[in-house]
Amino acid sequence: MLVLPDREAAEEAAERCAAEHPLDESPQIVREALAGEDDAEDAQWLVVLEDPDGALDPAALRALAEEYEGWVETD
């Protein structure tokens, strides 16, 4: 999952992920409020990637997220 600061960054990163990486399903974009924050301005945008086989390169995903001033979260 990529955590990004705004919707535009999330949409661009999702498109790049789908184009550059082998995915069974398209990445999903989800808006997530930060824990303990009530202000909608404090929401983060998530790009949820399904990778059950572990085919995605973690370093490439990290680099992509950092291009958009975000980071990678793993479960």
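In this talk, a residue is called buried under 20% relative accessible area, exposed over 50%, and partly exposed in between, with a 1.4 Å probe and protein chains only as cover. By that definition Arg-16, with a relative accessible area of 25%, is partly exposed.

Colleagues, a word on the basis of these values. The model is predicted, so local features need pLDDT of at least 70 and side-chain atom pairs count only at pLDDT 80 or more, while totals for chains, interfaces and linings use all residues. Residues are numbered from 1 along each chain as its sequence is written, and side-chain values use heavy atoms, with hydrogens and water left out.

I turn to the salt bridges. A salt bridge here is a side-chain nitrogen of Lys or Arg within 4 Å of a carboxyl oxygen of Asp or Glu. By this rule there are three salt bridges. Helices are DSSP runs of H or I with at least four residues, strands are runs of E with at least two, and both are numbered from the N terminus.

Arg-7 and Glu-11 form one of these bridges, at 2.8 Å from N to O. Both residues lie in helix H1, four residues apart, about one turn of the helix. In general, an α-helix has 3.6 residues a turn, so residues three or four places apart point the same way. Arg-7 is partly exposed, at 47% relative accessibility, and Glu-11 is also partly exposed, at 31%.

Which residues are linked in a network of salt bridges? They are Arg-16, Glu-20 and Glu-67. Between Glu-20 and Arg-16, the closest N and O atoms are 3.3 Å apart. Arg-16 lies in helix H1 and Glu-67 in helix H2, so the pair ties together parts that are 51 residues apart in sequence. Glu-67 counts as exposed, at 51% relative accessibility, whereas Glu-20 is partly exposed, at 47%.

Next, helix H2 itself. In this helix, residues 58-67, the side that is buried includes Leu-61, Leu-64 and Ala-65. These residues are on the same side of H2 because they cover an arc of only 100 degrees around the axis, the arc being that of the directions from the helix axis to the C-beta atoms. The face turned away from the buried side carries the exposed residues Glu-66 and Glu-67.

Most residues other than glycine have a negative phi. Glu-69 is exposed, with a relative accessible area of 69%.

Glu-69 also belongs to a negative surface patch, together with Asp-6, Glu-8, Glu-12 and Glu-15. Patches are made of residues with over 30% relative accessible area and no salt bridge, like charges being joined within 9 Å. Glu-12, a member of the patch, is in helix H1 (residues 7-20) and counts as partly exposed, at 33% relative accessibility.

Finally, Ala-18 is found in helix H1 and is partly exposed, with a relative accessible area of 43%. The C-alpha atoms of Ala-18 and Leu-49 are separated by 9.3 Å, with the two residues 31 apart along the chain.

Methods
Patches are made of residues with over 30% relative accessible area and no salt bridge: like charges are joined within 9 Å, nonpolar side chains (Val, Leu, Ile, Met, Phe, Trp, Tyr) within 5 Å. Accessible areas come from the Shrake-Rupley method with a 1.4 Å probe; for residues, only the protein chains shown count as cover. Lys and Arg count as positive and Asp and Glu as negative; His and the chain ends are not counted. The place of a charge is taken as NZ of Lys, CZ of Arg, CG of Asp or CD of Glu.
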